[in-house]
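Open the model in a viewer and keep the sequence panel beside it. The stops below are given in the order in which to select them.

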Amino acid sequence: MCALLAAPALIAALPTGQVSASGTMPHESVHQWEVQALGAEHATEHAAIRHQERRASQRWAAFSPAQRHRARQRYAASQRAALRASKDFPKPASKVGAWTQTPYALPN
């Protein structure tokens, strides 16, 4: 909830002169703004995530159409396997509300 309340102030603090016509900011400007708004450690975590996303995008762009097709098939298969695995394990009673005894006395 606090993040939602602080968002307008953070948005107002955006450096307007560094935003391009497309609405994007250079990496250095984003990092500087995040250091001010979020702190150095959290901004560094965001920078690492952006780096990983850029690398993944570059690797995907280098794939041939056949490689992309195989990657999509593998991803879909892994999602189906995860769904099947989640159905095989019973959910803990504390999470779904099926107790052997009520946690408190029910009125008659």
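The tour goes from confidence to helices, and then to single side chains.

**Before selecting anything.** This is a predicted model, in which local features need pLDDT of at least 70 and side-chain atom pairs count only at pLDDT 80 or more, while totals for chains, interfaces and linings use all residues. Residues are numbered from 1 along each chain as its sequence is written, and side-chain values use heavy atoms, with hydrogens and water left out.

**Colour by pLDDT.** This score is the predictor's confidence in each residue, from 0 to 100. The protein chain averages 79, and 65% of the residues score at least 70. Where pLDDT is low, the predicted coordinates should not be read in detail. Helices here are DSSP runs (H or I, at least four residues), numbered from the N terminus.

**Select residues 27–38.** This is helix H2, with twelve residues and a reach of 16 Å from its first C-alpha to its last, close to the 16 Å expected at 1.5 Å a residue. The expected span is 1.5 Å times one less than the number of residues. Which residues of H2 are buried? They are Ser29, Val30, Trp33 and Glu34. These four cover an arc of only 130° around the axis, which puts them on the same side of H2; the arc is that of the directions from the helix axis to the C-beta atoms. Buried means under 20% relative accessible area, exposed over 50%, and partly exposed in between (1.4 Å probe, protein chains only). Turn to the face of H2 away from its buried side to find the exposed residues Glu28 and Gln36. Just after the helix, Gly39 takes a positive phi of about 100°.

**Select residues 40–62.** H3 has 23 residues and reaches 33 Å between its first and last C-alpha, close to the 33 Å expected at 1.5 Å a residue. Its buried residues are Ala43, Ala47 and Arg50, and they pack against H2.

**Show the side chains of Glu34 and Arg50.** The structure holds one salt bridge (a side-chain nitrogen of Lys or Arg within 4 Å of a carboxyl oxygen of Asp or Glu). Glu34 and Arg50 form it, at 3.1 Å, N to O. Glu34 is buried at 8% relative accessible area, and Arg50 is buried at 18%. Leaving aside neighbours within four places in sequence, Glu34 is in contact (heavy atoms within 4.5 Å) with Gly39, Ala43, His46 and Arg50.

**Move to His27.** This residue lies in H2 and is partly exposed, at 32% relative accessibility. Not counting residues up to four places away in sequence, His27 touches Ala47, Arg50 and Arg54. The C-alpha atoms of His27 and His51, 24 residues apart along the chain, are separated by 9.9 Å.

How many aromatic pairs does a search of the whole structure find? It finds one. Rings of Phe, Tyr and Trp (its six-membered ring) pair if their centres lie within 6.5 Å; planes under 30 degrees apart count as stacked, over 60 as edge-to-face and the rest as tilted. The rings of Trp60 and Phe63 have centres 5.6 Å apart and planes at 45°, so the pair is tilted. Trp60 is partly exposed at 32% relative accessible area, and Phe63 is partly exposed at 30%.

Methods
Helices (H or I, at least four residues) and strands (E, at least two) are DSSP runs, numbered from the N terminus.
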